[in-house]
Amino acid sequence: MRLFHPILALLFLSLFAFPRYGGSSEVQLFSGRAVSVQDLWPPNLSWPSEPTGAKGKSVAVPSPNGKKKLIFPGDWVENDDTVAYTFFAVVGQHQYPIYIDGYLNPLVIWAKDSSGVLISFSDAGANCCYETKLISFNGEHVDAIDPTAQVAHDFISYRDKLGIKCRAWPHEYPNLFPIGWLDRSHAFIAAETVHHSNCDCWGSFRAYEIELPSGRIVETINQPLAKKMFDGNLPWHLSEASNDDWDTNPKSCRPPDNQTP
């Protein structure tokens, strides 16, 4: 019996030491291929950098079953220092406009069953500030929501708890990237301290499993484990994020000298 109890203890730890979807091994995502809309743009034209863009041009990202698609026009509008961009969700003969407040670096990840799509984009530039929207399809009805508010709040609160400082904006909003789908009602989102910001541990991140469409957090995944679980599927530069110990040893990661106010 003395040998039996340690074995039971190991089994118990193996069940509860890692998240419910597989832990340290790579996760099989319920996602189509991540598509950079900018990469689909005709090679002789740059992705729109002026309000008129390449008016009349557009690119489409079809769903895995080919019955739906997103259409991204080549023009956008700038009014009162805000950027308004409209793309379209198409189901059958119906076309639904989707309005967002940025157009840079759009990335599209469909669920494998074509029930929904995650799209991220920046409203300012290469490093910031990335948002993620969920577009869900119910028959020919389309909803577009932001499912990341709870993730952003949790990430900011976590940095505060660790004493991580952001000097110009103490509660600097994180970049929010889609990683992929777990199933049609759950997805993985990454929250990153903006790369090249004035915060300690800039470029660090946590991953979250969230319920859709509510955005409720189901699991939180630290940086080193996320790199193992989503190897090859992490967006942007997250697979190269330095200092995997940032949240266990937050004093270890002040910004480089040229980033310290």
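The structure holds 7 aromatic pairs, where rings of Phe, Tyr and Trp (its six-membered ring) pair if their centres lie within 6.5 Å, and planes under 30 degrees apart count as stacked, over 60 as edge-to-face and the rest as tilted. The model is predicted, and local features need pLDDT of at least 70, side-chain atom pairs count only at pLDDT 80 or more, and totals for chains, interfaces and linings use all residues. Residues are numbered from 1 along each chain as its sequence is written, and side-chain values use heavy atoms, with hydrogens and water left out.

One of the aromatic pairs is formed by tryptophan 110 and phenylalanine 137, which are stacked at 5.6 Å centre to centre with 20° between the planes. This pair links distant parts of the chain, 27 residues apart, with tryptophan 110 in strand E7 (residues 104-110) and phenylalanine 137 in strand E9 (residues 130-138). Helices (H or I, at least four residues) and strands (E, at least two) are DSSP runs, numbered from the N terminus. Tryptophan 110 is buried, its relative accessible area being 3%, and phenylalanine 137 is buried at 9%. Here buried means under 20% relative accessible area, exposed over 50%, and partly exposed in between (1.4 Å probe, protein chains only).

Tyrosine 158 and tryptophan 246 form an edge-to-face pair, with 6.0 Å centre to centre and 90° between the planes. Tyrosine 158 lies in helix H3 and tryptophan 246 in the segment after helix H4 (223-229), so the pair ties together parts that are 88 residues apart in sequence. Tyrosine 158 is buried, with a relative accessible area of 14%, and tryptophan 246 is buried at 1%. Arginine 206 lies over the face of tyrosine 158, at 3.5 Å from the ring centre; a charge sits over a ring if NZ of Lys or CZ of Arg is within 6 Å of the ring centre and within 35 degrees of the ring normal. Ring pairs also link Tyr130, Phe177 and Trp236 into a cluster.

A search of the whole structure finds 2 disulfides, each being a pair of cysteine sulfur atoms within 2.5 Å. Cysteine 166 and cysteine 199 form a disulfide with sulfur atoms 2.1 Å apart. The link of cysteine 166 and cysteine 199 is right-handed, with 115° about the S-S bond. Cysteine 166 lies in the loop between helix H3 (149-162) and strand E11 (175-183), and cysteine 199 in the loop between strand E12 (186-192) and strand E13 (205-211), so the pair ties together parts that are 33 residues apart in sequence. Cysteine 166 is buried at 6% relative accessibility, and cysteine 199 is buried at 0%. Cysteine 128 and cysteine 129 also form a disulfide, their sulfur atoms 1.8 Å apart. Cysteine 129 is partly exposed, at 30% relative accessibility.
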